[in-house]
Amino acid sequence: MRYPEMLDKKYLQRKILRTEFFVFIAIIILSILIQLRSGQFFSNNNLVDLVRAVIIPAMFSIAAMIVLVSGGTDVSAPSIASLAMYLVSKWMLRYEGNVIVLFLIGAGIGIILGCLNGYLIARFQFPTLIVTLGTASLYTGLLQGVFAAHEHPVPAPMHALGKAKLFSVENAVSGLKSNMPLTIFLLIALVILVWFILQKTMLGRGIYAIGGDVISAQRAGFNVFQIQMFIYIFVGMIAGITGVARASMMMNCQPTNLNGMEMTAIASCVLGGTSVQGGAGSITGTILGVLLITIISNSLLLLGISTFWQKIFTGLIILIGTGVSAYRMKQRQGH
């Protein structure tokens with residue numbers, strides 16, 4: 001066999017053995033099974049609803065993936081998003097200008113809150129899970145105690161964004177209509193930006209290096225403090241934008257609506273192949289993980305199954321993913 005053919009074969013084997021491949025196959029099989037059972041999975045309105053349902057979890061999952069790759073675990077993003085969502089809606093209720101300004105304010109709030117996470121973790125090397133659990137509780141306390149948050153209308157530009165649509169489809173059988181929201185462009189932009197940072201920049205290499213081994217990353221010349229500060233500030237910014245996007249899509253501010261989203265985000269990352277030990281993970285796998293969990297969640301009703309099974313599935317993903325990551329780490333250390 002010629003050498004190039006051997007390389008092609010090995011390359012193909014590596015691709016097939018990647019977690020993303022198995023998740024992709026699982027999505028195809030599950031989609032076909034749901035279609036055979038319900039006859040509605042591949043209907044145009046269901047597919048649009050599926051994409052719509054993916055947007056917010058995918059944005060949180062991308063943020064969680066960045067932290068996991070760096071060797072940490074962030075559970076504060078939904079709390080940051082909820083606080084940013086409420087403050088933007090409350091402070092800017094009478095604002096009638098460009099909606100981009102509201103997203104910038106949300107991003108600014110997220111950056112400030114993320115900066116606190118970053119400084120505590122980067123400066124004092126506190127465990128990321130403990131820090132973000134603490135700040136999540138702090139931000140939730142501010143939201144519910146200091147600001148007495150409650151359901152609230154959103155500013156006119158956010159309401160207009162929620163009503164706007166890229167296109168609309170109608171199911172010929174049921175007559176149900178579904179709209180593709182313009183916020184899909186936020187997700188697309190975030191996917192491109194994070195992929196570029198992780199794959200094409202020294203900053204991205206530093207994030208993977210820190211997740212692999214902090215000491216080795218320092219010896220390689222990476223500034224661990226600066227990279228960790230960037231990670232949590234960037235994640236805070238994503239959370240702030242996601243909060244505003246969520247309120248816009250719902251055309252209403254519900255401060256408690258994002259509770260529990262951190263578990264879905266972590267499960268999506270783990271399902272997509274991101275190592276909980278750090279140093280490994282991809283944007284492709286994360287998006288596939290979100291898609292699979294969303295398909296299961298949204299299709300349970302089509303199959304006549306209680307939605308409580310979603311929590312069982314999410315918990316099993318985290319447990320199995322943690323076990324697989326630990327096993328792979330032990331194998332690498334053995335070699």
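This is a predicted model: local features need pLDDT of at least 70, side-chain atom pairs count only at pLDDT 80 or more; totals for chains, interfaces and linings use all residues.
Visitor: What is the volume of the largest cavity, and which residues line it?

Guide: Its volume is about 60 Å³. The lining is made of Phe 60, Ala 63, Ala 64, Val 67, Asp 74, Ala 77, Pro 78, Val 235, Glu 262, Ala 265 and Ile 266. Two or more of these residues come from each of helix H3 (44–69), helix H4 (77–91) and helix H12 (261–271). H3 supplies the largest share, four residues.

Visitor: How many cavities of 30 Å³ or more are there?

Guide: The count is two. Around it stand Arg 52, Leu 161, Gly 162, Pro 181, Leu 182, Thr 183, Ser 248 and Met 249. Helix H7 (156–163) and H11 are the elements that give two or more residues to this lining.

Visitor: H12 contributes to the lining of the largest cavity. Why is H12 described as largely enclosed by the rest of the structure?

Guide: The reading rests on relative accessible area, with buried meaning under 20%. Nine of the eleven residues of H12 are buried, so the rest of the structure largely encloses this helix. The buried residues are Met 261, Thr 264, Ala 265, Ile 266, Ala 267, Ser 268, Cys 269, Val 270 and Leu 271. Two of them, Ala 265 and Ile 266, also line the largest cavity. After H12 comes Gly 273, with a positive phi near 105°.

Visitor: H4 also lines that cavity. How many of its residues are buried?

Guide: In H4, 13 of 15 residues are buried, and the helix is mostly covered. From its first C-alpha to its last, H4 reaches 21 Å, close to the 21 Å expected at 1.5 Å a residue. Lys 90 belongs to H4 and counts as partly exposed because its relative accessibility is 39%. Lys 90 and Ala 149 are 59 residues apart along the chain, and their C-alpha atoms are separated by 9.3 Å.

Visitor: Where is Ala 160, and how far is its C-alpha atom from that of Ser 248?

Guide: Ala 160 is in helix H7. Ala 160 and Ser 248 are 88 residues apart along the chain, while 8.0 Å separates their C-alpha atoms. Ser 248 is also one of the residues lining the second largest cavity. With a relative accessible area of 44%, Ala 160 is partly exposed.

Visitor: How far apart are Phe 22 and Gly 285, in sequence and in space?

Guide: The pair is 263 residues apart in sequence and 9.9 Å apart in space, C-alpha to C-alpha. Phe 22 is part of helix H2 (residues 19–38). Its relative accessibility of 48% puts Phe 22 among the partly exposed residues, since exposed means over 50%.

Visitor: What about backbone angles: which value is phi of Ala 148 near?

Guide: Most residues other than glycine have a negative phi. Phi of Ala 148 is near 45°, a positive value. Ala 148 sits in the loop between helix H6 (128–146) and H7, and its 43% relative accessibility makes it partly exposed.

Visitor: And where is Met 251 found?

Guide: Met 251 is in the loop between H11 and H12. Its phi is near 55°, again positive in a residue other than glycine. Met 251 counts as partly exposed, at 31% relative accessibility.

Methods:
Residues are numbered from 1 along each chain as its sequence is written. Side-chain values use heavy atoms; hydrogens and water are left out. On a 1 Å grid over the protein atoms alone, a cavity is a set of points where a 1.4 Å probe fits but cannot get out, and a pocket is an open set with protein on both sides within 12 Å along at least five of seven lines; lining residues have an atom within 4 Å of a point. Grid points are joined across faces, edges and corners, and a volume is the space filled by probe spheres set on the points. Buried means under 20% relative accessible area, exposed over 50%, partly exposed in between (1.4 Å probe, protein chains only). The expected span of a helix is 1.5 Å times one less than its number of residues.
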